[in-house]
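Here's a quick tour of a two-chain model, written for someone who likes the cut-offs spelled out. Take a look at the coordinates, then read on.

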There are 2 protein chains.
Amino acid sequence: MNTNAFRKLSYGVYVISTWDKGKATGCTANSVMQITSQPATIAVSVNHDNYTNGCIRDTGKFAVSVLGEHSAPSLIGGFGFRSGRECDKFEGVEHEVKSYLPVLKDACAYIVCEVIDQMETDTHTVFLGKVLDCDVLKDDDAMTYAYYHNVIKGKSPKAAPTYLPEEQ
Amino acid sequence: MNTNAFRKLSYGVYVISTWDKGKATGCTANSVMQITSQPATIAVSVNHDNYTNGCIRDTGKFAVSVLGEHSAPSLIGGFGFRSGRECDKFEGVEHEVKSYLPVLKDACAYIVCEVIDQMETDTHTVFLGKVLDCDVLKDDDAMTYAYYHNVIKGKSPKAAPTYLPEEQ
């Protein structure tokens, strides 16, 4: 089994967000895909260790902010390399509330969902969300994981907070 | 709800394959993502209308062939715009059996899985597969849906069989 094969799967770069008792929280993720179009549903995979996982269970809702190639790279590290248990990840991050969920203003699109099903694995929960609201925010190409890896990571100094947690 | 937001989600281009009573069959798909690494699991979304869906249920196994930028574009249409109910999609397509599943020789990587869970939606099944075997076949960049849409579709004559079914 040569696990380099997994590197051939294509992903985007996203911030999954929800509420933590009235405070916005979220985490960086790659694993988001649309499942159905009528009604529109989206699946996202969130590690059990991510504080966001429990918050999505509590609220039954989540938002996906789709990062674009021109979104600030600091968002990736800010939502990725620290825990919402210990800090306010949204502090200093421009965001707005769309259909009662916090989304990033610097994203190229957002999708707000209500959890309608979930599938458990040893380390991750796959949440199936029915789309309540979505919109395009900017005319920017979506950031792919390959773009992040080849362009942004290459351009960032090592100390920059652009660590992307390996969600898979 | 502006569903153009869904176009900002990033995908690859894949052929999902399995056996139909001893005959290889499969379909084109975009919706594949790794869920866990230990043990390695992969989620794929397959429309109920795809003949492959029932065949995966029958066999309990599927393979993902990851198309690369240099894979033959005809594979996308060949596995996408016709049904395995009516034809042998693997006829004339170079393939080999890896861990008892048929995979495309022209893919850049393959992943063979055993179904360990599934989640139903109105139109699609999300199969969760435990990875039994995987390998890189070619040093080629994975084909993203955006690459397919912007480069291959643009290069192909209209009559070419490069129709990609909208899996999401």
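## Where the two chains meet

Between chain A and chain B there are 12 residue pairs in polar contact, both residues at pLDDT 80 or more. Polar contact here is a pair of N or O atoms within 3.5 Å; within protein, one must be able to donate a hydrogen and the other to accept it, and residues adjacent in sequence count only if both atoms are side-chain atoms. Before going further, the ground rules: this is a predicted model, where local features need pLDDT of at least 70, side-chain atom pairs count only at pLDDT 80 or more, and totals for chains, interfaces and linings use all residues. Residues are numbered from 1 along each chain as its sequence is written, chains are lettered from A and ligands numbered from 1 in the order in which they are written, and side-chain values use heavy atoms, with hydrogens and water left out.

What does chain A bring to the side that touches chain B? The elements giving two or more residues are β3 (32–37), β4 (40–47), β8 (109–120) and β9 (124–136) of chain A. β9(A) gives the most, with 9 residues. Helices (H or I, at least four residues) and strands (E, at least two) are DSSP runs, numbered from the N terminus. Sorted by class, that side of chain A has 28 nonpolar, 16 polar and 9 charged residues. For the bookkeeping, Ala, Val, Leu, Ile, Met, Phe, Trp, Tyr, Cys and Pro count as nonpolar, Asp, Glu, Lys and Arg as charged, and the others, Gly among them, as polar.

In terms of contact (heavy atoms within 4.5 Å), 53 residues of chain A meet 53 residues of chain B. The area buried between the two chains is about 4200 Å², and carbon and sulfur atoms give 69% of it. Buried area is the accessible area (1.4 Å probe) that two parts lose on being put together, summed over both. On the chain A side, A:Lys8, A:Met33 and A:Met119 lose the most area to chain B, together 18% of what that side buries.

How many salt bridges run between chain A and chain B? The count is 0. A salt bridge means a side-chain nitrogen of Lys or Arg within 4 Å of a carboxyl oxygen of Asp or Glu, and over all chains that rule gives 6. One of them pairs A:Arg57 with A:Glu120, with the closest N and O atoms 2.7 Å apart. That pair links distant parts of the chain, since A:Arg57 is in helix α1 and A:Glu120 in strand β8 of chain A, 63 residues apart.

## The sheets

In chain A, 7 strands form an open sheet in the order β2-β1-β5-β8-β9-β4-β3, with antiparallel pairing. β2 (23–29) and β3 of chain A are at the edges with a single partner strand each, so one side of each has no neighbour in the sheet. The twist averages 35 degrees from one strand to the next. Two strands count as paired if DSSP finds at least two bridges between them. Here are some antiparallel pairs from both chains:

| Strand pair | Bridges | One bridge pair |
|---|---|---|
| β8(A) and β9(A) | 11 bridges | A:Val115 and A:Gly129 |
| β4(A) and β9(A) | 7 bridges | A:Asn47 and A:His124 |
| β3(B) and β4(B) | 5 bridges | B:Thr36 and B:Thr41 |

A hairpin joins β8(A) to β9(A) through 3 residues.

Helix α1 (residues 51–59) of chain A lies across β1 (14–20), β2, β4, β5, β8 and β9 of chain A, at about 55 degrees to β1(A). Axes are lines fitted to C-alpha atoms, for helices over the stretch in contact, and angles run from 0 to 180 degrees between N-to-C directions.

Chain B has an open sheet of 7 strands too, in the order β2-β1-β5-β8-β9-β4-β3 and with antiparallel pairing. Its edge strands are β2 (23–29) and β3 (32–37) of chain B, each pairing on one side only.

A cis peptide bond joins A:Gln38 and A:Pro39, with omega about -5 degrees. A:Pro39 sits in the loop between β3 and β4 of chain A. In chain B, a cis peptide bond joins B:Gln38 and B:Pro39, with omega about -5 degrees, and B:Pro39 is in the loop between β3 and β4 of chain B. Lastly, A:Lys21 has phi near 50 degrees, a positive value in a residue other than glycine; A:Lys21 is in the loop between β1 and β2 of chain A.
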